[in-house]
Amino acid sequence: MGAVNARETSVVILGGGPGGYEAALVAAHLGAKVTVVDRDGLGGAAVLTDCVPSKALISTADFKSQFETAADLGVHLEDPEGDEVSESVAEVVAVNRRILALAAAQSRDIGQRLDADGVRVLRGLGRLVSPTLVRAELVDGGVEEISADVVLLATGATPRVMATAQPDGERILTWQQIYDLKELPEKLVVVGSGVTGAELAQAYLGLGSQVTLVSSRDRVLPGEDADAATVIEDVFRKRGMEVLNRSRMAAVERTDTGVLVRLEDGREVEGTHALLAVGSVPQTAGIGLEEVGVQLKPSGHISVDRVSRTAVRGIYAAGDCTGVLPLASVAAMQGRIAMAHALGDAVHPLNLRAVSANIFTDPEIATVGYSQKDVDEGLVDAEALMLPLATNPRAKMQGITDGFVKLFARKGIGTVVGGVIVAPRASELIYPVTLAVQHALTVDQLAGTFTVYPSLSGSVAEAARQMHAPQ
């Protein structure tokens, strides 16, 4: 936008998810007058119905599994009468109550932070009247029009619904509806083996449901590292999940006793409940975007550049409504970058090669930078090394048998360009690899940094040591 006086700038943000509220905090810090128009609750789907709740559910299942695997470590649990405990039971109502309370508390914390920083929050739906005027239709029935020097669109996405599989919130569910369940699904059919489907399938398996995972592809997690996806699918099957590969859903319908999932090849899968995890669609319709010139992709996502600009001067976009990368961390970064650019602060364009991501299965899959597919297709001249965690002493102590560390480094110079970690808490272990990718460190620099002994992070350094090229 050129030089601006931030203290005279009105910023209006549509949506209070990670892209919206993080942008609001940056804009307020830079001195702008900030208004957030939010309908669904601060934190958005990430906090209220998606990321925070689902990871809390997964953590609950992980905690329960610790009791069930304690015997493998020589620990036998007993009740107060001295009888051995052979099974733990998940009370889904209590579990969901805690999860929703946690999400609500996180939303309140966000609201308090925005209020403390002087951000005004309007509860309602925001629509663009022009590039510089937003109409807020408030939930209490009122209407307010707000002049804007800068507009940020952070309206998010919603679960994709298919005509042949209509959710009813009781037996046929989207991932946003599972927290209303009054009983643990006895036989859960999960349709979709992407990140959301895989995570929730394993969560309910860990909580005690019989789970069938319907995957239209050759393997689960088809967009992830093939070695990592193979480990996870093997773990799924080993723990009792039925995985149906190359099985595309045709329809889901209610029956007298539950649900029936019909596959395109004529097979039928019965269950008590069905969870639909077949993608999401951006919430960009009906809010005046096309009327003011904001360009949308055929998918309905908003087209943006690396500093979050749309095709209209002064209008930016961040988060799942852009389709750049459906991660809360990316949404937040897009929002921060947008405000820095709009308000004349120092700005670094979005660098997707330095984004670390995690899949919260058990074990987790964490990735950053270039992938094995990129290497195989010649997008980067790099070599790969994979080190199984089974040889790590800390892994032996903790009974970890599945997982690995994989690093990618440029041939000849050894610069770390990517990595994959499959391990418990891989989301924590990926950080040193992300630092290496972000700052172009070499495998020798990574290997030459002290690690605690014994530790799982020691395998990151060991993998780097094995990639050393003698001079």
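1. Basis. In this predicted model, local features need pLDDT of at least 70 and side-chain atom pairs count only at pLDDT 80 or more, whereas totals for chains, interfaces and linings use all residues. Residues are numbered from 1 along each chain as its sequence is written, and side-chain values use heavy atoms, with hydrogens and water left out.

2. Helix H4. Helices (H or I, at least four residues) and strands (E, at least two) are DSSP runs, numbered from the N terminus. H4 (residues 92–116) has 25 residues and reaches 36 Å from first to last C-alpha, close to the 36 Å expected (1.5 Å times one less than its number of residues). Its buried residues (under 20% relative accessible area, 1.4 Å probe, protein chains only) include Val-95, Ile-99 and Ile-110. Just after H4, Gly-118 has a positive phi of about 85°.

3. Largest core. A nonpolar core is a set of buried Ala, Val, Leu, Ile, Met, Phe, Trp, Tyr and Cys residues joined through side-chain atoms within 4.5 Å. The largest has 45 residues, and those with the most contacts inside it include Leu-57, Ile-178 and Tyr-204. H4 is among the elements that each supply at least two of its residues, while H5 gives the largest share, seven residues.

4. Ile-178. Apart from neighbours within four places in sequence, Ile-178 is in contact (heavy atoms within 4.5 Å) with Leu-57, Asn-96, Leu-173, Leu-200, Tyr-204 and Leu-275.

5. H1 and H7. Helices H1 (residues 18–29) and H7 (residues 328–342) pack at about 35°, their axes 7 Å apart (lines fitted to C-alpha atoms over the stretch in contact, with angles from 0 to 180 degrees between N-to-C directions).

How values were computed
Buried < 20%, exposed > 50% of the residue type's maximum accessible area, 1.4 Å probe, protein only.
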